[in-house]
Amino acid sequence: MTARRDILDKAIFPPFLWSAIEGIVKSDKLERAFYIIGFSWRGKLIIYDLVEFKYKERSQTHVLGDPHQKALLIQSLPPGLKLLGILHSHPFDKGKPSFSSIDMRDFSEFGEGLFIVVSGSMDHYSLFMSSEGSEECRLIVRDLEDVERPQTLIINGRWKLIVPAGLSKWELEKYALIYLSEIVTRETVLGKLIIHGGYADLVLPDYCDVVKSWNLFRIPYRLYIHGDTKDVLKEVKLIIRYIFNYSDCELTLLKEKREAIIRKCEGIYV
Amino acid sequence: MDVVLVLDKEKTVAVEKKEEEIVEIPEVVTLYFQRADNLKKTISIKTTTNDMMERVVTLAAEKLGISSGRIGLTGGGVPIAFVGKTVGEVLREYNTVSFHISSADMLG
């Protein structure tokens, strides 16, 4: 029988993200938590980005996220990428931290995922949980190899598939369609049906792909814009606030490309 | 009355007025709920427009295996405020029958 650790046993964490987390965690006596965004490829999880919780509550010993943020973040992910799990800090722990019973309850609700806890000294412990149980997962902080770096494949001029550059032709041809079907389904539901006589036109929702300028990897988060919106910039900023909790962010809007680049925001962020 | 801008083939702009559309929602409706973190988990609930949305969302969360009391509802790409509203009010306000449910992550 194949053991879980033979299928998936490590998570690769790029140093630029790890340093960002370190800066945030060490500067705060209260807990912080981040959603982990990345790709599950062969025997490893590759981390491409982190999105900090939009906290409903936060103290030295607990954090409570906003359920709307989680739903909107998942919806904004480009095809291929997944919300892999959660990283959170235990500023009160020194040395190797461990998960609390509250953590374990949350993870069981989350379902399959990677859960990382870091202490105030940035020691860490990682667990991969699935329906088959939980197992310790090796967390490796290192630069991504060329084959692990994200590459974008633009499909039909509309969808930006993000996959590791080393995906084989076979993997790409097989899996891309599954990733694509997820976003097509999502966008169909968000679309509009214009009915005329015995015919109808499906109009997919308008969107703006948002990229963080400081991120080493260009991850386009898709925000859906309502057709009757007069001030696109204002709406984009509002959704950015929902998803990333960035305040007063400076944006460059490239309307023709349906893209927005977040230049900088207020406070410390990742 | 809405004012609608129409671009014709010569790219000139014409203005026409359209009667405000009256949205007719049947008394019995089917709402679709998906777990935001697991889109394979989808359920549908038949209800009436007079029913309280909070009751329907709680039922949907239970059926989707979400036990947390802190639930968020999104639809049409935006957060939905449903507390104290009827199903009909939510459908009129947000113009969708498809919703995502997620629970708040609480860590200690």
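Mentor: Let us begin with a definition: two strands pair if DSSP finds at least two bridges between them. The strands themselves (E, at least two residues) and the helices (H or I, at least four) are DSSP runs, numbered from the N terminus. The model before us is predicted, so local features need pLDDT of at least 70 and side-chain atom pairs count only at pLDDT 80 or more, while totals for chains, interfaces and linings use all residues. Residues are numbered from 1 along each chain as its sequence is written, and chains are lettered from A and ligands numbered from 1 in the order in which they are written.

Trainee: What is the order of the strands in the open sheet of 4 strands in chain A?

Mentor: Strands of a sheet pair through backbone hydrogen bonds, either parallel or antiparallel. Here the order is β16-β15-β18-β17 of chain A, and the pairing is mixed. At the edges stand β16 (221-225) and β17 of chain A, each of which pairs on one side only. From one strand to the next, the twist averages 30 degrees (axes are lines fitted to C-alpha atoms, for helices over the stretch in contact, and angles run from 0 to 180 degrees between N-to-C directions).

Trainee: Which residues stand opposite each other along β18(A)?

Mentor: Strand β15 (residues 206-212) and strand β18 (residues 259-264) of chain A run parallel and are joined by 4 bridges. Within that pair, A:Val210 has A:Ala260 as its bridge partner, and A:Lys212 stands opposite A:Ile262. Strand β17 (residues 250-254) of chain A pairs with β18(A) in the antiparallel sense over 5 bridges; there A:Leu251 stands opposite A:Ile262. The hairpin of β17(A) and β18(A) has 4 residues between the strands, and in it A:Arg258 takes a positive phi near 55 degrees.

Trainee: Which strands form the open sheet that includes β8(B)?

Mentor: That sheet has 3 strands in the order β4(A)-β5(A)-β8(B), with antiparallel pairing. Because β4 (57-58) of chain A and β8 of chain B each have a single partner strand, they stand at the edges, and one side of each is left without a neighbour in the sheet. Strand β5 (residues 63-64) of chain A is joined to β8(B) by 2 bridges, and A:Leu64 stands opposite B:Met106.

Trainee: How many residues of each chain are in contact where chain B touches chain A?

Mentor: Two residues are in contact if their C-beta atoms, placed from the backbone, lie within 7 Å. By that rule, 22 residues of chain B are in contact with 31 residues of chain A. On the side of chain B, the elements giving two or more residues are β4 (38-48), β5 (71-75), β7 (98-103) and β8 (106-107). Of these, β7(B) gives the most, with 4 residues. By class, this side of chain B has 7 nonpolar, 12 polar and 3 charged residues (Ala, Val, Leu, Ile, Met, Phe, Trp, Tyr, Cys and Pro count as nonpolar, Asp, Glu, Lys and Arg as charged, and the others, Gly among them, as polar).

Trainee: Which residues of helix α1 of chain B are buried?

Mentor: An α-helix has 3.6 residues a turn, so residues three or four places apart point the same way. A residue is buried if 20 or more other C-beta atoms lie within 10 Å of its own, exposed if 12 or fewer, and partly exposed in between, with C-beta atoms placed from the backbone. In α1 (residues 53-63) of chain B, the buried residues are B:Met53, B:Val56, B:Val57, B:Ala60 and B:Ala61. Seen down the axis of α1(B), they fall within an arc of 135 degrees, so they line one face of the helix; the arc is that of the directions from the helix axis to the C-beta atoms. The exposed residues B:Arg55 and B:Glu62 lie on the face turned away from the buried side. Among the elements covering the buried residues of α1(B) are β3 (28-35) and α2 (87-94) of chain B. Just after this helix, B:Gly65 takes a positive phi of about 80 degrees.

Trainee: What do the buried residues of α4(A) pack against?

Mentor: In α4 (residues 101-110) of chain A, the buried residues are A:Asp103, A:Asp106 and A:Phe107. They fall within an arc of 100 degrees, seen down the axis of α4(A), so they line one face of the helix. They pack against β7 (113-119) and β8 (124-130) of chain A together with β8 of chain B. The face turned away carries the exposed residues A:Ser101 and A:Ser108.
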